[in-house]
Amino acid sequence: MAMSEFELAKRLEESINRVFIGKEDVVEDLLTCLLAGGHVLLEDVPGVGKTTLAATLARSMECSFGRIQFTPDTMPGDVSGVSVYNRKTNEFEYRAGAVMAQVLLADEINRTSPKTQASLLEAMAEGQVTVDGTVHMLPRPFLVIATQNPVEFIGTYPLPEAQLDRFMMRLSIGYPDREQEMRMAALFLEGQTPDRVERVCGGEEVLRIQEKVREVAVRESVVGYIEDIIALTRTEPRFVLGASPRAMLALLRASQGKAFLQGRDFVKPDDVKAVAAQVLQHRLALSSEARIQKADAQAVLKSLILKVKIPV
């Protein structure tokens, strides 16, 4: 008997958790973002499994996986592809770049120049790249998982607010606790690696699940709840930059993804609260006065969410 879209999504989640140990909340947020059609920024220190998580997700879905290690000399053509002259045909041919994959790991995105960073913008927003005036459609589903190290800033180019706004969520994996790290060591000694993960579904099934997520009902009162949160970020004096309309739509879609993974066909305010920090925090810039007072953007955001009246 064919599995439902919800059962497929939960099997995908279980498959990843068998390899990526002890971070079930991160895996659920990543899947929420994938099913909502967004992109993810993984911000964490080296060695906590950012690449492993991306590779495990791609293999669980039997999707093509591309990886590009960004360095200061990485060119936009390395990402989007280039046109190469073919002497035999006397024509220019498109040679695909790293972006022509269903899951793209953009490793250490803040180590490359703004021009190369910007080469991802069209792909993330429109699912296509334009090379020498010719549009090339990207494979679907398409997910960008970009990583950056929040500690080391020498030789880096911070992502501008316009590009940060293109990421639906910013996630942090964090260090595992003792028990989780012991389980990780046991699996490592047994030879359990991302390439041995169970194949759960293909790209077509993922697209089908994404369609189901878009059908999750959102009542007008819940949309109003989301709008009230967004409005407060724009009037909060400790933020010099509030959440954009794109942020509001991202929060709406992410809430649908969260509700779907909880097995519901409608969004509750709790779904909005569960994803609000991951969706909004990286889009909100603290004022210089707030930074001097050592204010924490996440704490400020949580205090704003608590102020908003929850619809009944």
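Q: Where is Asn 90 found?

A: In this predicted model, Asn 90 belongs to the loop that lies between strand 3 (81-86) and strand 4 (91-96).

Q: What is the phi of Asn 90?

A: The general idea comes first. Most residues other than glycine have a negative phi. Asn 90 is not a glycine, yet its phi is positive, at about 55°.

Q: How is the peptide bond from Arg 140 to Pro 141 to be read, cis or trans?

A: As a rule, most peptide bonds are trans. The bond from Arg 140 to Pro 141 is cis, and its omega is near -5°. Pro 141 sits in the loop between strand 7 (134-137) and strand 8 (143-148).

Q: At what angle do helix 2 and helix 11 pack?

A: A pair of helices can be described by an angle and by how far apart the axes are. Helix 2 (residues 24-35) and helix 11 (residues 245-261) pack at about 120°, and their axes are 8 Å apart. Helix 2 is therefore oblique to helix 11, because angles of 65 to 115 degrees count as roughly perpendicular and those over 145 as roughly antiparallel.

Q: Is the crossing of helix 2 and helix 11 left-handed or right-handed, and which residues make the contact?

A: The crossing of helix 2 past helix 11 is right-handed. From helix 2, the contact uses Glu 28, Asp 29, Leu 31, Thr 32 and Leu 35. Helix 11 contributes Ala 254, Gly 257, Lys 258, Phe 260 and Leu 261. Sorted by class, this contact has five nonpolar, two polar and three charged residues.

Q: How do helix 10 and helix 14 pack?

A: Helix 10 (residues 220-235) packs against helix 14 (residues 297-307) at an angle of about 135°, with the axes 9 Å apart. That angle makes helix 10 oblique to helix 14. Helix 10 passes helix 14 in a right-handed crossing. In helix 10, Tyr 225, Ile 229, Leu 232 and Thr 233 meet Leu 301, Leu 304, Ile 305 and Lys 307 of helix 14. The contact divides into six nonpolar residues, one polar and one charged.

Q: What is the crossing of helix 1 past helix 9, left-handed or right-handed?

A: Helix 1 (residues 5-19) and helix 9 pack at an angle of about 120°, their axes being 10 Å apart. The crossing is left-handed. Glu 5, Leu 8 and Ala 9 of helix 1 make the contact with Glu 205, Arg 208, Ile 209 and Lys 212 of helix 9. By class, there are three nonpolar, no polar and four charged residues in this contact.

Q: What volume does the largest pocket have, and which residues are the closest to its centre?

A: The volume of the largest pocket is about 630 Å³. It is lined by 27 residues, and those closest to the centre are Gly 37, Gly 38, His 39, Met 124 and Ala 125. Helix 6 (121-126), helix 9 (203-214) and helix 11 are the elements that each give two or more residues to the lining.

Q: How do the residues of that lining divide?

A: The lining of the largest pocket has 14 nonpolar, five polar and eight charged residues.

How values were computed: Residues are numbered from 1 along each chain as its sequence is written. This is a predicted model: local features need pLDDT of at least 70, side-chain atom pairs count only at pLDDT 80 or more; totals for chains, interfaces and linings use all residues. Side-chain values use heavy atoms; hydrogens and water are left out. Axes are lines fitted to C-alpha atoms, for helices over the stretch in contact, and angles run from 0 to 180 degrees between N-to-C directions. Helices (H or I, at least four residues) and strands (E, at least two) are DSSP runs, numbered from the N terminus. Angles under 35 degrees count as roughly parallel, over 145 as roughly antiparallel, 65 to 115 as roughly perpendicular and the rest as oblique. A crossing is left-handed if the near helix is turned anticlockwise from the far one by less than a right angle, and right-handed if clockwise. Contact means heavy atoms within 4.5 Å. Ala, Val, Leu, Ile, Met, Phe, Trp, Tyr, Cys and Pro count as nonpolar, Asp, Glu, Lys and Arg as charged, and the others, Gly among them, as polar. On a 1 Å grid over the protein atoms alone, a cavity is a set of points where a 1.4 Å probe fits but cannot get out, and a pocket is an open set with protein on both sides within 12 Å along at least five of seven lines; lining residues have an atom within 4 Å of a point. Grid points are joined across faces, edges and corners, and a volume is the space filled by probe spheres set on the points.
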